[in-house]
Amino acid sequence: MPNDATSDAAARLPIALTINGEPRMLFVAPWTTLLDLLRLELDLTGTKRGCDHGQCGACTVLVDGVRVNSCLTLAVMKDGASVTTIEGLGGSDGALHPIQEAFIEHDAFQCGYCTPGQLCSAIGLMQEGHAHTEAEIREQMSGNICRCGAYPNIVAAIETVLGGQGR
Ligand code: FES
Ligand code: FES
């Protein structure tokens, strides 16, 4: 794999992404993951790197509304897509997303490292519409690991928002 700055620049491909509502034209190397693009090139460091191998969910973002592990996703594969990260969940007026409010209300984090991924994953789960019970929420959030063990409060927060939507 090329690894010097010259070969990197020569290999870059143009892609169009909408990132948190903002259209961007970007030039990325074909081996650049969406996680590296977000964190290292766009300075969107809210998305976290945990395992870098698809095991922990810390890097979860929404691509066209679907939750994905950005560490396993090559940026060039998502040409034309709309990407939402933790930085884009709130309203333009600074208001928090309802799931962010619920996480605060339910104390659903300790160190917070997993939280951006948990929040994006929770939104993806709610949009999928498959989880209706506590057990289903636990199962469908099982790709997001929390080393602090905040799972009961995370599930309670999601249940609150789902309940507000009438499930
Ligand atoms: S950093 Fe992507 S799943 Fe762990
Ligand atoms: S709040 Fe610390 S890892 Fe989840």
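Predicted model: local features only at pLDDT ≥ 70, side-chain atom pairs only at ≥ 80, totals over all residues.
**Entry 1: Asn144**

I started at Asn144 and found the backbone oxygen of Gly117 3.2 Å from a polar atom of its side chain.

Next I looked for side-chain partners. The side chains of Asn144 and Thr60 are joined by a polar contact of 3.4 Å. I placed Asn144 in the loop between helix H5 (134–140) and H6.

Is Asn144 buried or exposed? Its relative accessibility is 5%, and buried means under 20%, so I put Asn144 down as buried.

Then I listed what Asn144 touches, skipping neighbours within four places in sequence. The contacts are Cys56, Gly57, Thr60, Gly117, Gln118, Ser121 and Tyr151.

**Entry 2**

I moved on to the helix pairs. Two packed helices are described by the angle between their axes and the distance between the axes, so I noted both each time.

For H3 (residues 98–105) and H6 (residues 151–164), the axes come within 8 Å and cross at roughly 135 degrees. That angle makes H3 oblique to H6. The crossing of H3 past H6 is right-handed.

Which residues meet here? From H3 I wrote down Pro98, Ile99, Ala102 and Phe103, and from H6 their counterparts Ile154, Ala157, Ile158 and Val161. Sorted by class, the H3–H6 contact has eight nonpolar residues, with no polar and no charged ones.

**Entry 3: H3 against H4**

On the H3 side the contact uses Ile99, Gln100 and Phe103. On the H4 side I found Thr115, Gln118, Leu119, Ala122, Ile123 and Met126. This contact divides into six nonpolar and three polar residues, with no charged ones.

Going back over my lists, Ile99 and Phe103 of H3 turn up in the contact with H6 and again in the contact with H4. Gln118 of H4 faces H3 in this contact and is also among the residues touching Asn144.

**Entry 4: H2**

Last, I checked H2 (residues 34–41) for buried residues and got Leu34, Leu35, Leu37 and Leu38. What covers them? The cover includes strands S1 (13–19), S2 (22–28), S3 (60–63) and S5 (82–84). Thr60, the side-chain partner of Asn144, falls in S3.

I also looked just past the end of H2, where Asp43 takes a positive phi of about 60 degrees.

Definitions and conventions:
Residues numbered from 1 in each chain as written. Chains lettered and ligands numbered in written order. Heavy atoms only, no water. Axes fitted to C-alpha atoms, helices over the stretch in contact; angles between N-to-C directions. Helix = DSSP H or I, 4+ residues; strand = E, 2+ residues; numbered from the N terminus. Parallel < 35°, antiparallel > 145°, perpendicular 65-115°, else oblique. Left-handed = near helix turned anticlockwise from the far one by under 90°. Contact = heavy atoms within 4.5 Å. Nonpolar A, V, L, I, M, F, W, Y, C, P; charged D, E, K, R; others polar. Buried < 20%, exposed > 50% of the residue type's maximum accessible area, 1.4 Å probe, protein only. Polar contact = N/O pair within 3.5 Å; in protein donor to acceptor, adjacent residues only side chain to side chain.
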